[in-house]
Amino acid sequence: MTPYAHPRTGMLFESPVAPGTGWPGDPATPHTPVATDPGQVATLAATACDLANLDALVSVCRACPRLVDWREEVAVTKRRAFAGEPYWGRPITGWGSAQPKILVLGLAPAAHGGNRTGRVFTGDRSGDQLFAALYRAGLVSQPTSVDAADGLSTNDIRIAAAVRCAPPANKPTPDERSTCEPWLAAEWDMIAPSVRVIVTLGGFGWQAALRLLADDLPGSAKPKFGHGVVVELPSGRQLLGCYHPSQQNMFTGRLTPAMLDDVFADAAKRAGLRE
């Protein structure tokens, strides 16, 4: 297999990238246990001892055959603009603080975004909109998220996807969602004590958040997703809805940069990060 130079570090990698070969931020080693079915996902997620261990396990998961085939096919065929680059081609972990006050929860990595760069919401147009808005709200250190070695940092937020592999047509199946859910549930258990606000990007992220928060929801009726919807939870946490910053939503004006700014400014205020 032909190696390709990482666009920032210049190190050579096969595409998809093997664990423990030096990719920026790779949490795994060649010896990290690999989940190959739903039962193994549940077992490994339940036994992860901390976020670093969990991220390593997530990053080598092979439990959903259709998603594994797709993410790796994309990593080989690539998009013409990135034909000379290596693609990560593996599951995408959560990114950000280990003790966040805000959790931003989306659907899944983009085939030529996170699946290429190895960082959630990085390297595609949705990520461009998201990180620019987070920067304007004072939640990240720079307005762009280009690759996993670009120096981006944050102290108070964490960003995650409900499904960790890029799905064909951005549509994971119900079985794939259920298979992946223990990874998110384990991550939530580790970060929940510090989280004050959850911002969901789109209805898929909203439903994933409702499952995480099942024991914390007031009443029996599930709150409906909508842009700007706020749900006050008995625990004191707050759930905020936001349209997904997809290219289609931004192009049609269903979501605008000002609307994104309003959501994240509100989230930062509710989390106690700004006046």
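Biologist: In this predicted model, which residue stands opposite Gln238 in S8?

Modeller: Strand S7 covers residues 230-232 and pairs with S8 in the antiparallel sense over 3 bridges. The two strands form a hairpin with 5 residues between them. Opposite Gln238 of S8 stands Glu232.

Biologist: Which residue is the bridge partner of Leu201 in S8?

Modeller: Strand S6, residues 197-201, pairs with S8 in the parallel sense over 5 bridges. The partner of Leu201 in S8 is Cys242.

Biologist: How many residues of strand S8 are buried?

Modeller: Gln238, Leu240 and Cys242 point one way from S8, while Leu239 and Gly241 point the other way, and all are buried. The strand, residues 238-242, is thus mostly covered, and its buried residues number 5 of 5.

Biologist: Is Trp188 buried or exposed?

Modeller: Trp188 lies in helix H6. Leaving aside neighbours within four places in sequence, its contacts are Leu103, Val195, Ile198, Leu212, Leu213 and Arg237. A residue counts as buried under 20% relative accessible area. Because the relative accessible area of Trp188 is 7%, the residue is buried.

Key:
Residues numbered from 1 in each chain as written. Predicted model: local features only at pLDDT ≥ 70, side-chain atom pairs only at ≥ 80, totals over all residues. Heavy atoms only, no water. Helix = DSSP H or I, 4+ residues; strand = E, 2+ residues; numbered from the N terminus. Buried < 20%, exposed > 50% of the residue type's maximum accessible area, 1.4 Å probe, protein only. Contact = heavy atoms within 4.5 Å. Pairing = 2+ DSSP bridges.
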